[in-house]
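Hi everyone, thanks for coming. Today I'd like to walk you through one structure, step by step.

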Amino acid sequence: MIEETTTGQITTEQPGRTAALVLDRASVAYGDVPALEELDGVVHPGEAVALIGPNGAGKSTLIKALLGLVPVVRGRIEVLGTAPARARRQVAYVPQADTLDPDFPVSVEQVVMMGRYRKIGWLRRPSAADRAEVAAALEQVGLARRARDRFGTLSGGQRQRVLLARAIAARPRLLLLDEPFNGVDAVSQHALLEAMAALKEQGAAVVVSTHDLAIAHLACEEVCLLNKHQYGFGPTESVLTPERLRATYGGQALELRGDRVIVTRT
Amino acid sequence: MTAGFLSGLFEPFHLPFMARALAELVILGALAGTVGVLVLLRRLAFVTDTLTHTVFPGVVIGYMLAGDGGVFWGALGAGAVTAVLLTLFTHRRRVSEDAALAMLLTTLFAVGVVLVSRRSGYTSDLTAFLFGRVLTVTAEQLVQTGVVTVLVVALLAVLRRPLMLRTFDPEGARAAGVSVGLLDLVLNAAIALVVVAAVRAVGTILVIALLIVPAAAARTLSERLAVIVPLACLIGAAGGWLGLAVSYEAAVHHDLRLAAGGTVVLVLVAMYGLASAAGFVRRRRALLRISHEVVREVEPA
């Protein structure tokens with residue numbers, strides 16, 4: 001395991017050589033049921049890609065495939081220069097906050113510390129360095145003052161920020177976010193976007209699934225339009241066109257206002 | 001009055017068989033309290049109930065093959081098999097989980113009842129398996145309980161981080177490379193071991209209370225896992241002690257025969273009542289404190 005990680009790191013020391021993410025005619029399936037077909041695209045370190053498509057389009061499935069939790073049946077997915085399951089140690093996943101039990105007796109600080117578990121191991125006590133990472137991650141999402149509070153007492157948006165802080169504390173080279181902006185207030189949205197930008201500046205790549213096209217415009221260099229198949233993958237400005245969006249969303253309504261595109265879900 | 005109460009807590013246990021019963025119940029209470037916190041957080045009460053019923057035929061078969069000494073091993077065999085079956089069941093969601101579990105539970109329980117009904121001392125045996133006989137616990141059984149306790153607590157301590165991550169955020173745990181299926185098997189095995197250890201003292205039916213009640217009581221008293229686990233452990237042990245003392249006091253001084261296992265459970269439930277009352281007051285206070293703070297922030301003095 002250790003050798004693998006080191007070799008992975010060595011290959012990425014050469015700048016511009018290793019893409020964070022490569023999809024090469026990749027098809028993903030749950031057993032016999034195909035979920036996503038023929039995906040193609042590349043994301044480089046320091047870039048963000050927005051996964052856009054209607055509910056049930058396979059955005060979460062793609063994220064699971066990038067974690068090696070759903071098998072690639074045809075083609076190839078490469079994460080940080082290796083197979084998805086092997087890259088996991090350097091990938092951080094941020095689930096939707098409202099999927100987690102708000103009654104769970106765990107503090108904000110403890111949730112963020114979970115991001116350090118892989119570095120701490122099973123038995124060792126968290127070191128001063130681990131605590132410093134946790135504090136810094138909470139600072140980055142603007143929740144340092146809530147460190148000791150119980151996770152469930154925070155608002156939905158704040159919980160989402162805590163989960164992002166947990167990912168930051170793991171120091172990932174690839175960050176995967178599943179619908180982080182759903183039902184999130186403006187303050188939290190701003191904090192999430194800032195923290196994402198900071199991670200990108202440090203050279204991490206970001207994959208974020210979202211319904212919000214404005215956020216894709218604001219925060220992502222690349223867009224991947226998904227609905228079972230790929231309806232486009234490339235620079236945001238050229239891919240997020242009304243025609244392609246209509247094709248992706250099929251019959252669902254679409255409103256266009258100036259340079260902002262709003263998808264109304266039915 | 002106080003002196004009488006205190007002597008009631010200590011005096012009965014000068015008798016060797018009472019001392020063994022006390023040690024058994026205190027160890028069991030502590031063990032079940034610890035494992036119970038995970039049962040509570042994972043909402044596994046029904047799975048646990050299934051385990052308590054499926055261990056029953058193992059107990060009967062063990063007893064039929066090797067007498068009293070076979071009970072532990074029979075329970076252990078049945079516990080191991082059902083821990084594996086349950087893990088597989090809950091990981092394949094094809095059949096409605098509840099229906100599948102209910103079927104497994106009643107089928108195996110019926111197997112036990114049918115087997116035990118073929119024996120001549122039918123009702124007495126059945127009562128012993130279902131409700132336990134804590135007063136006849138032997139030194140050897142005590143050692144078995146002790147070994148199981150050390151084993152389970154050590155296992156959970158070593159795995160506490162992956163267990164916590166899996167309990168709080170299963171998707172996140174999978175994403176982090178945690179083997180969720182294996183961890184679930186470990187927890188189901190731990191629950192099965194508690195049931196196995198508790199069979200002779202409190203029986204297969206009442207052990208569920210030992211697992212659920214102390215953990216639930218501790219949860220109402222604290223928001224912190226580092227407090228909840230030792231507290232549940234303590235409440236479980238105290239419930240065992242107090243329940244046994246009450247049942248002895250009633251039998252010896254008031255000519256009232258109260259089954260030890262049942263008394264322990266009732267004492268635990270009473271402790272839960274007290275804990276939730278205390279928890280209610282605590283939360284009200286916290287709420288008041290927060291609203292005061294809000295008022296202070298809105299209208300600076």
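Let me begin with a term we'll need: an axis here is a line fitted to C-alpha atoms, for a helix over the stretch in contact, and angles run from 0 to 180 degrees between N-to-C directions. Please keep in mind that this is a predicted model.

Let's start in chain A. How far apart are the axes of helix α7 and helix α8 of chain A, and at what angle do they pack? Helix α7 of chain A covers residues 156–169 and helix α8 of chain A covers residues 186–201; their axes are 9 Å apart, at an angle of about 15°. Angles under 35 degrees count as roughly parallel, so α7(A) is roughly parallel to α8(A). The crossing of α7(A) past α8(A) is left-handed.

Now, who meets whom? On the α7(A) side we find, among others, Leu164(A) and Ile168(A), and on the α8(A) side the residues include Ala191(A), Leu192(A) and Leu199(A). Sorted by class, this helix contact has seven nonpolar residues, four polar and one charged.

Next, the place where the two chains touch. Chain A brings 15 residues to the contact, and chain B brings 18 residues. The chain A side is made of 12 nonpolar residues and three charged ones, with no polar residues.

Finally, over to chain B. An unreviewed UniProt entry lists "transmembrane region" features there, including residues 142–163 and 258–281. In our model, residues 142–163 of chain B are 95% helix and 0% strand, with end C-alpha atoms 28 Å apart.

Methods:
Residues are numbered from 1 along each chain as its sequence is written. Chains are lettered from A and ligands numbered from 1 in the order in which they are written. This is a predicted model: local features need pLDDT of at least 70, side-chain atom pairs count only at pLDDT 80 or more; totals for chains, interfaces and linings use all residues. Two residues are in contact if their C-beta atoms, placed from the backbone, lie within 7 Å. Ala, Val, Leu, Ile, Met, Phe, Trp, Tyr, Cys and Pro count as nonpolar, Asp, Glu, Lys and Arg as charged, and the others, Gly among them, as polar. UniProt positions are given in the numbering used here, feature names are shortened, and annotations may be inferred rather than shown by experiment. Helices (H or I, at least four residues) and strands (E, at least two) are DSSP runs, numbered from the N terminus. Angles under 35 degrees count as roughly parallel, over 145 as roughly antiparallel, 65 to 115 as roughly perpendicular and the rest as oblique. A crossing is left-handed if the near helix is turned anticlockwise from the far one by less than a right angle, and right-handed if clockwise.
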